[in-house]
Amino acid sequence: MRLYIEVARKSFRRFATYRGAVLGGVFTNTIFGMIHAYVLLGVHAEREFVNGFDASDAVTFVFGAQALLMVVRAFGWDELGQRLRTGDIASDLQRPADVQAWWIAQFVGMSAFYVIFRGLPPFIGGWLVFDEVSLPGPAALFWFVVTATLAAGLAGAYWFAVNMIAYWIIEVRGVVMAFSLMIMFFGGVIVPLWFLPDALLDAFRLTPWAAMVQLPGEVLIGSRDVAACLRVVGLQLFWLSALVGAGRVLLSTATRRLVVQGG
Amino acid sequence: MSCPVIVENLSKLFTVAEKAGRVRRSKREVVAVDGISFEVGKGEIVGYLGPNGAGKSTTIKMLTGILTPTSGRVEVLGLVPVKERKKLARHIGVVFGQRSQLWWDLPLSDSFELLHHVYRTELGRHVSRRDQLVDLLDIGPQMSTPVRQLSLGQRMRGELIAALLHEPELVVLDEPTIGLDVVSKDRVRGFLHDMNNESGTTILLTTHDLGDVERLCERLLIIDEGHVIWDGALEEFRDRHAQVRTVVVDLVPGVDIPELSLARLVRSDGDRCWFEFNRRQATAATVIGELTSKVAIRDLSVDEAKIEDLVRALYEE
Amino acid sequence: MAGARLWRHLVGARVRSEWQYRASFFALFTASLLFSLTDFVAVVLVFEQVPSIADWSIAEVAFLYGTGVTAAALADATIGAVESVPDRIRLGTFDRLLVRPAPALLQIVGDDFALRRFGKVLQSAVILGVAIAAVDVEWTVARAAMIPLMIISGTSLFTSIWIVSNSVAFWFTDTREAANSVTYGGSYLSQYPLAVYGRWFRRLFAVAVPISFVNYLPALFVLQRPTDLGFAPWMRFASPLVALLALIVAAQVWALGIRHYRSTGS
């Protein structure tokens, strides 16, 4: 277990060296957050509550979502897929460590870096610019940290499985784009899920994508009591195990094929 | 016509930002090329050597117009590279050993066709030139293969063709044989040699592979830390710097190994002996003379000093 | 012009290559179409909740969306390849463009041309068509003619923005992300009436970066809306001129960038 913590830590440090990209990224997240926020404020100018959520909820959610975007790498992550394509994966397979755990640990280390350096600053920026952004209370913050961490692990398992699928389909880019789109839409990034009619909303809230962004975002704005937060955690754990399982199946099939056919 | 390449007092300074403390950056000036001067005559094959970081790539970039010099004069084919980059590009061919000029996922033939449009060569000439080169380098069977699927050797041959399609007067090659297997290296060297012989194309070749140098270069330009430390014929380099030569003798079986005054035995293996002599003190002829007067031999050869060792010694000076 | 011919050949080679892997091409084309469609789904969802935004109806916002996104998507499809500049510089593959007797920008744009990017254009064009049918406007020749005009100048404006934001890579590395915020951010911003944005934000990102000239100002004319937000009525017709100026500026910035690259190496 300690090995994987070390892997995560090294991954964190590796991303810390890309300083220039981080600044550019913070800028981007802030701009996009602001555009989303303004649009939602435009909506709330006409109507105080949307499905029970007010302007403050909406704007705080937007910046929380931008932070979570980076944690779950909503725009896509294909590092593993590329390694599979080039065959570099062989060196991973030779290590006396579990490949999936290794990659998920790396992912979590990366997410930790992103949430601190690319998630927090835009949120603070949003808080400074918009009066409507409300800082979370201690309870909400606690549950947010919990659900965000689980979201990172969940995203790691998610992208691991997606990259494995990409291996079979060869066109890594397209597959990643498709699965990224799902996070953007069902995760409430493009528009908070509560804008949807209730029937769809309840269904979509159960998806793994919602578990990555939408639900932790709702936790952040304090719209969920303890019982509801526990339900979120439960859902995240469910999807985490499902995706880890799927990932393992894909991994063993791919490894067998690699070993037999030589990659 | 004047020399294809004229370099006069050429210098290039880079300003490098360095981390001084936790946040501050200090600026440091790095002199990559320090007032070098040389000329390359028409039809010459010049080897441009130097340790990594000596300024080879920087010089090449200034010659091709990719990099602006800090001071000094550079003239290639009568043009100032930085000012007339596009015009110059029409008359030179460049091969970067490690970076491809070809279109990665298109078949080789498509790359050549696109280059025809890039260089705007006349179609008939392009076709005959292409066919000639493809034939010479024996790459016909690979013409419809996407470049990314070619082996390194095949790709290098493709790169060579790409650089020569438009019949340039000057060809600049940056480590063209790097990573190639022995057969491919040989092929590439042979091709370049023949091409120079037949068309009189001037060739400037940077390489770490001294096999390239031995086979191709009549002249050596050695650069170290931004200065040219040698500019002259290969033979002269060898003569000036090689002190020691070796005579390898196969003695008639059963004969005792002779003692020579002009040379010293350094190694023996069965009937074969290696004698070293200092070229200041003896010539190959006199050593062989002494040898044959003392003992019956079956066969002999004279080993040239290894350029590798000589260059290394020069770097270390 | 010789440059145009070369561009055609480069693009032709790319398209042939894309067509070879047809399945992949259609998959990516569809993905790009769907990906961009979600933006409009968001607009629809927003209007499910409110009848208008800043006093613009859904048909009017759809008009903004159709014109703005079509212009951005067309620019992306034609000049989007310029996004590869930061990567090329980083990987060292920019040099080989300079060794050829053709302008570097032309080579990049031809080399990385991707037909599948037109998926986005198709989607927004359809929405524009629907919006035109749905808006309550007294159509005159002038208003109808404004639509293709604003698309052309809008595309030119976005093209300039794309070029300038990616030229920054010549001076500063790691600028890919920041460039995205201006290009894709600008596209997103143009989908909604400018009134929703705060004053300073608007001034920085819709005027300094002339996004307001892409679709908002001409739309005021087409949709018979009053000129607001401190703009003057003549500005509604200024887009072609602004676009032309922007292209000139972009060309200069690019040339400066190449000159800087050539003096500092990589």
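**A walk through chains A, B and C**

Let's begin with chain B, whose domain assignment, taken from an automatic or database source, gives domain 1 (5–239) and domain 2 (243–316). The C-alpha centres of these two domains of chain B lie 38 Å apart. Before going on, keep in mind that this is a predicted model, in which local features need pLDDT of at least 70, side-chain atom pairs count only at pLDDT 80 or more, and totals for chains, interfaces and linings use all residues. Residues are numbered from 1 along each chain as its sequence is written, while chains are lettered from A and ligands numbered from 1 in the order in which they are written.

Staying with chain B, you'll find 10 helices and 13 strands; helices (H or I, at least four residues) and strands (E, at least two) are DSSP runs, numbered from the N terminus. Its C-alpha trace spans about 70 × 55 × 50 Å along the principal axes. Of the 317 residues of chain B, 39% count as buried, meaning that 20 or more other C-beta atoms, placed from the backbone, lie within 10 Å of the residue's own.

Now for who touches whom. Two residues are in contact if their C-beta atoms, placed from the backbone, lie within 7 Å. There are 2 pairs of chains in contact, and chains A and C share the most contacts. Chains A and B don't touch, and their nearest C-alpha atoms are 12 Å apart. Chain B does meet chain C: 25 residues of chain B are in contact with 19 residues of chain C. On the chain B side, the elements giving two or more residues are α1 (56–64), α2 (85–89), β5 (92–96) and α3 (108–119). Of these, α3(B) gives the most, with 5 residues. That side of chain B divides into 12 nonpolar, 5 polar and 8 charged residues. Here Ala, Val, Leu, Ile, Met, Phe, Trp, Tyr, Cys and Pro count as nonpolar, Asp, Glu, Lys and Arg as charged, and the others, Gly among them, as polar.

Finally, hop over to chain A. Helix α3 (residues 55–71) and helix α6 (residues 99–129) of chain A pack at an angle of about 160°, with their axes 8 Å apart. α3(A) and α6(A) are therefore roughly antiparallel to each other, the word used for angles over 145 degrees. Residues in α3(A) including Phe63(A) and Met70(A) meet residues in α6(A) including Tyr114(A) and Phe123(A). The residues of this contact divide into 9 nonpolar, 5 polar and 1 charged.

Conventions
Buried ≥ 20, exposed ≤ 12 C-beta atoms within 10 Å, placed from the backbone. Axes fitted to C-alpha atoms, helices over the stretch in contact; angles between N-to-C directions. Parallel < 35°, antiparallel > 145°, perpendicular 65-115°, else oblique.
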